[in-house]
Structure formats: structure tokens, C-alpha cells
Amino acid sequence: MRDPSATSLPSVVIAGCGAITAVGRGVDTLRSAMRANTSGLRSDPRFDQPRFQSSIVGAVPRNGADIEDDDPAFRLATGALQQARDDARAGLASIAAERIGLVLSTTKANIEALERFADHRPCSEPARRHLQADLLATDLAAAHGAKGPVQCVSVACVSGLVALQQGAKLIQRGAADAVFVVGVDHLSAFVVAGFTALKAIDPLGCRPFDRDRCGLSPGEAGAAIVLVKAQDQSLAITIRGWATTNDANHMTGPSRDGSGLALAIRRALDSAGLRPDAIDYVNAHGTGTPYNDAMESQAMRAVFGDACPPVSGCKGMLGHTLGAAGVVETILCVLAMQERVLPGIPRLSITAEGAPASVVREPRTGVRLNHVLKLNTGFGGVNGALILSHE
């Protein structure tokens, strides 16, 4: 594996962020929720039916126009990307459109079109087109002036981290000078029914690393990060290292011993040129399902021993946003580094036995975070680890 921190390679800098989530529209809503440790999970009447395990989800607040929209995937993605472009305006000013790429992360794309087809409801041509993830990526790139390479990543819940890795690789290999990394998935009966079939939803709402946790809360989001090439990384947050592994344990169940995730963490540390004790904070996948949280705890123990850095996760705040999770949760990490805040875990009551002793319940302020480790795991045994640095 090539070392992303090597001096012969350009630094990959996070130049802008945008997000639309259950706590509201814009990055400032995420910042406020992080500081206040508030949760956006609430009951949604769309899923208040006996066929669903719970109606508590991480739904984006909707207005009248949103309710009637047949293309929510494009709406969420393009809204978040416009925010990120505005945030990164200075960094993008001198970059030609032909040198800007786009990587889309999604698991379902515009599944709304399929549901409308099944229910014999009208659906526009663009909405039907965006049921195909590659076409959604193509249209997002065209709408936002990205004329460089366009890629689409769909590897379950690790998609967002893999998309960020792909974007960084495009820049380091000279294929682009900037990359828009966009993550999106929207809530639908298809998604909530699927997790209901797996008996994977917590009726009371997601409680990562809690003693009484019993499942996740489905969520939705549009999230975007602008990556740019920069040789001067002073005062900037950079993507320092990464790795993915696949333990191929089971189609939906995580490995019990966490060895695949531990390997991803070690390889990410190696690629960043860092030792485990350099990590100041771990943002975990933290779905709230009994097996996933236990597996992550095992993996962190294998790498860090009894000296595990502070650990928390975002899904008690936003729900599990699937293909958007890795992107929006990386944005939370960026905000934590900028604000010098250790995020807590909303809804956590009593920490589970076997979880890291360093699990953070309430936010802590005034903490300098130089190196942050972001983790995601997914169906099929995929594990992702990404390291952000701010020096």
C-alpha cells in the first residue's frame, strides 16, 4: 500500500462540507447538535404501521414540496453538494471544471421511483433515471460542473468511507485536482421493511454501546465533502491514511472477533505513518445492534489494548444513513476537530459490558484533536478505516 503521507504525494485537504440530516439543513445544525448532544430521532407517521418494527427514524425535516418530491435522492444530494461547493469556493476558484471529479456513495439511489412504480403512482423521467446510481452520479456531476472522472461506490454501509478513499486516490494519482464526494440515501418503506425483516431496529431508538441496545434506527441524509490537492497543509484537515478489508463472515452478520476491522485499523495507521497512541479520538460505526457494537469493541481492544482513545458515534443523533453515513460522520469528525469538542453519544444511558472504558457519553470541550480515526463496517463483511489529521 502506498503511504498517503509520503512527501512525494500531494496532501488531500478537506476544503468544504455540506449536509442535510435529521437535525436540520446545513453544517451548522450538525455543529449545534454535536455541542448539545441532541438527537434527531423521532416518530415518523409514514412508518407507524404494524408491518414496521418501529416508527422512530432519523428523517430529514420536510416541507410541503419535499413531501410531493419523487426524486428525494437527487434533492438531498444536490442540496448538500451546493453547500459544500459554497464552503469550498476559495479552494475551487482556480481549478478548471475538467480537473474536478465526483464520487457518489449510495446503497439505494432513488428507491422512491421503484416504490412509486410498485404502487402505480406517477413518477417523472429524472426520478426513474436516478434509480440507477451511476446515472444519479452522472447527473450530479453535470449539474455541478464536475467534468473530470465520475465514479459510483455502493459497498453497503462502508460506501461513504470508500468514496472518500477513492476521491483521495484520484487526486494523488493526478486524475483530478478536486473531487466532490457525495453520500446520499433516503428513507423509504423498502429500507424500513428490510431492517424490520432482519429484526434489527430498536423500537425505542438507536442506543450505540448501551447495555440495553437492541438495534439501529434507519436514517436519511445528503452529505458532501470537497477534497482538493494542496501542498501546504498547515491549519488544514487532511485525509492522512485509510484502509479497507473484508472478512467475508456473513452476508448481514458482522464477524464476532473483529479481526477484519482490526486489520483495517492497523493498515490505516501504517498508511498514515502513525502509531496507535497517536489517535486522539475514534468515531465508531456504532449501529446499536448487539453484535456490531461488540465486534467494534473487540477490534478496538485488539489494536489499542487498555489505552483506547475516547470513542463515540453519531447514529444516536442521525440514525443509520446507509450510503451517506461515512460522509456525514466524517463531517462530524471535521467539526469536532475544528471546534475542539469530543462528541458524546445521544441516548446512551449505561455503557455496555465489554465496550471501551473510554466511551464518551456527554461532549467534552477544549480538547485538541490532532488525529481522528473514523470507522465503518457493512454487510458482506466490509470494514473501513479513515484517518483525519489536523496539525
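The legends below describe close-up views of a predicted model.

**View 1. His 120, a loop residue with a positive phi.** His 120 sits in the loop between α5 (111-118) and α6 (125-129), and its phi is near 60°, a positive value in a residue other than glycine. Most residues other than glycine have a negative phi. With a relative accessibility of 75%, His 120 counts as exposed, because that value is over the 50% cut-off.

**View 2. Phe 209, a buried loop residue with a positive phi.**

**View 3. The largest pocket and its lining.** The volume of the largest pocket is about 490 Å³. Its lining is made up of 30 residues, and those closest to the pocket centre are Thr 252, Gly 253, Pro 254, Thr 289 and Phe 379. Two or more lining residues come from each of the elements α11 (290-304), β14 (371-378) and β15 (382-390), and α11 gives the most, with 4 residues. Sorted by class, the lining of the largest pocket holds 12 nonpolar, 15 polar and 3 charged residues.

**View 4. The second largest pocket and its lining.** The second largest pocket has a volume of about 420 Å³ and is lined by 24 residues, among which Arg 46, Arg 62, Glu 112, Glu 115 and Leu 187 lie nearest its centre. The elements that contribute two or more residues to this lining are α2 (64-68), α3 (72-87) and α5. By class, the lining of the second largest pocket comprises 8 nonpolar, 3 polar and 13 charged residues.

**View 5. Val 382 and its contacts.** Val 382 lies in strand β15, which is one of the elements giving two or more residues to the lining of the largest pocket. The relative accessibility of Val 382 is 15%, and this residue counts as buried because the value is under the 20% cut-off. When neighbours within four places in sequence are left aside, Val 382 is in contact with Val 158, Thr 245, Asn 246, Asn 376 and Thr 377.

Technical notes
Residues numbered from 1 in each chain as written. Predicted model: local features only at pLDDT ≥ 70, side-chain atom pairs only at ≥ 80, totals over all residues. Heavy atoms only, no water. Buried < 20%, exposed > 50% of the residue type's maximum accessible area, 1.4 Å probe, protein only. 1 Å grid on protein atoms, 1.4 Å probe; cavity = no way out; pocket = protein on both sides within 12 Å on 5 of 7 lines; lining within 4 Å. Points joined across faces, edges and corners; volume = space filled by probe spheres on them. Nonpolar A, V, L, I, M, F, W, Y, C, P; charged D, E, K, R; others polar. Contact = heavy atoms within 4.5 Å.
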